[in-house]
Amino acid sequence: MDGTLTLRFATQATLDIKRITRELSELQRQVASGAAANDLRGFGGASSQLLNARGLKAGSDARASVLNQLQARFGVQGAALGQVAQSASLLSNSIRDAISANDGRGIALEMDMSFSGIVAALNETWNGQPLFAGERQGSGPIKITSLDALQAASGPDDIYNEAERHQTLDLGSGAPVVLSKKASELSDGLFDTMLQLKQLVEGAGGSIGQPIDQGTRAQLQLIADALDTQAGNFINEEGRAGQLRARFTSEQVRLQERSNLLLKEIGEQADADVAMVSVQLNTLIVQYQAAAKTFSDLSKLSLLDYL
């Protein structure tokens, strides 16, 4: 064989071996990583679409994570609202029992205990943030700790410490959802009713006593009815918290389904086709062996010596 022709074939065989080696390395990388390309540049014109899909998936996952955390919040929130409703109902029942027994000596104690339970519930927090203080962080929204302080308050600023705006959550629709009313909105009527009871007790010398006169009996009946109404308001608010929890659960499911669809789309574009890669690997190995044998025959060297 002519020396020039032999050199040409040997050079071509060398180039083929280098090309096949690069392609084998790339295919092995795809098998190891599962990705069709190292970076976005490797996807060419599909890179912008892939980048957009990844951004949408990240956004869906982030919102779903927030909603998942909020499930615990609404559990705590519902329990706090239920505690206020229960405290108001217990006080109402105590008043009715006192009227029935014609003995009001235990009303003052029940009143103070109920007020303490109401304040503790309205000052409940979740992850360090008050549930009913709007956007404000820190301590609870109720500053007073006793009915004496409520009676001495000259206005709402002496009772409440809360933000001007509600705490809200925007699910991406541009319409923020109010997570809860503020303590002042929830408790204003209840505190007025308890203040009436406080004044009635004080007017009786600190204790309603026994027996209960007809005028006091009528006032106590009105206060008990008002307490039942306020308890019902808190039960309704507890129901609203449950509705929000169910709504956010549905939204979380929707976001997860969207994330799964986007993941499938990303995989179709970015993931390597393992079956096809395996066929290509086998084909390239055959080509490599053929090229190496050609070079070995032409150079009269073994493949082992060449490598």
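**View 1. The contacts of R136.** Setting aside residues up to four places away in sequence, R136 touches Q129, P130, P141, N161, E162 and A163 (contact means heavy atoms within 4.5 Å). This is a predicted model, where local features need pLDDT of at least 70, side-chain atom pairs count only at pLDDT 80 or more, and totals for chains, interfaces and linings use all residues. Residues are numbered from 1 along each chain as its sequence is written, and side-chain values use heavy atoms, with hydrogens and water left out. You will find R136 in the loop between strand 2 (129-130) and helix 4 (helices, H or I, have at least four residues and strands, E, at least two; both are DSSP runs numbered from the N terminus).

View 2. R136 is buried (under 20% relative accessible area, 1.4 Å probe, protein chains only). It has no salt bridge (a side-chain nitrogen of Lys or Arg within 4 Å of a carboxyl oxygen of Asp or Glu). The nearest side chain of opposite charge, E162, is 7.3 Å away. Look instead at two backbone oxygens: that of N161 is reached by the R136 side chain at 2.7 Å, and that of G140 lies 3.2 Å from a polar atom of this side chain.

**View 3. The largest nonpolar core.** This core has 54 residues (buried Ala, Val, Leu, Ile, Met, Phe, Trp, Tyr and Cys joined through side-chain atoms within 4.5 Å). Helix 2 (47-101) gives the largest share, 13 residues. I95 is one of the members that touch the most others. Leaving out neighbours within four places in sequence, I95 contacts I107, L197, L220, I223, A224 and L227.

Definitions and conventions
Buried means under 20% relative accessible area, exposed over 50%, partly exposed in between (1.4 Å probe, protein chains only). Lys and Arg count as positive and Asp and Glu as negative; His and the chain ends are not counted. A polar contact is a pair of N or O atoms within 3.5 Å; within protein, one must be able to donate a hydrogen and the other to accept it, and residues adjacent in sequence count only if both atoms are side-chain atoms.
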